[in-house]
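Please look through the structure below with its strands and its charged side chains in mind.

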Amino acid sequence: MKVKLPSIIYLVLLSVLINACSKGCPDSKPIERGVDKSYLPNIIPYSDTSTRLFLKNGTDTLLFKSQGLKETITNELYGESCENYNIQKYNLKMAASDTDFFQINYYGYWQGGPLVRYNSSNFETNEIYDGRYINFFQLKQLSVLSHIYDSVSISPNTYGDTVYSNLKFGVLRVKDMNNVYELIK
């Protein structure tokens, strides 16, 4: 029986491809990427039983209730170098309904320091490094429903959605494409 040269080349290439795909990433001990828990009360200043009253679009009063602080550790692979990371994450969701909520996320980052990010049903803010969040405020004061707040941090995204917050009171105002939520108390 005579074997054709293209068939042999095909079998060799198939064997090389199968061998290359089966190797994958080597097993390695994960690199730990945690958060500084001492910042946690400043970044997420709510407890498991916290409630906050917000005015939605200047007309509706909504009671936001804490859904509890959650901690997770996820194992994630990054990059072509197959680096393996255990990423520590904390989040707390404050919700008035399935569509009226905001969530604060504080998590480790594979390339450096921990990050802070807000999200809701309508948006997600840009990431802020935790040290910048704690030590840097873009506004000295913000008026929300005739109350003046000092040391206000702004967390925007590229679409104009913005969360205004400070360390003592937490979220003061949330502005997304469709709604504005302002802290009453």
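What follows goes from the strands to the salt bridges.

This is a predicted model, in which local features need pLDDT of at least 70 and side-chain atom pairs count only at pLDDT 80 or more, while totals for chains, interfaces and linings use all residues. Residues are numbered from 1 along each chain as its sequence is written, and side-chain values use heavy atoms, with hydrogens and water left out.

Strands here are DSSP runs (E, at least two residues) numbered from the N terminus, and two of them pair if DSSP finds at least two bridges between them. Strand 4 is joined to strand 1 (residues 31-33) by 3 bridges, and these two run parallel, with Glu-32 standing opposite Asn-86 of strand 4. Strand 4 is also joined to strand 5, by 7 bridges and in antiparallel fashion, and the two form a hairpin with 5 residues between them.

A search of the whole structure finds 3 salt bridges, each being a side-chain nitrogen of Lys or Arg within 4 Å of a carboxyl oxygen of Asp or Glu. One of them links Lys-56 and Asp-100 at 3.1 Å, N to O. Because Lys-56 lies in strand 2 (residues 51-56) and Asp-100 in the loop between strand 4 and strand 5, this pair ties together parts that are 44 residues apart in sequence. Both Lys-56 and Asp-100 are buried. Arg-173 and Glu-182, whose closest N and O atoms are 3.2 Å apart, are both buried too.

Notes: Helix = DSSP H or I, 4+ residues; strand = E, 2+ residues; numbered from the N terminus. Buried < 20%, exposed > 50% of the residue type's maximum accessible area, 1.4 Å probe, protein only.
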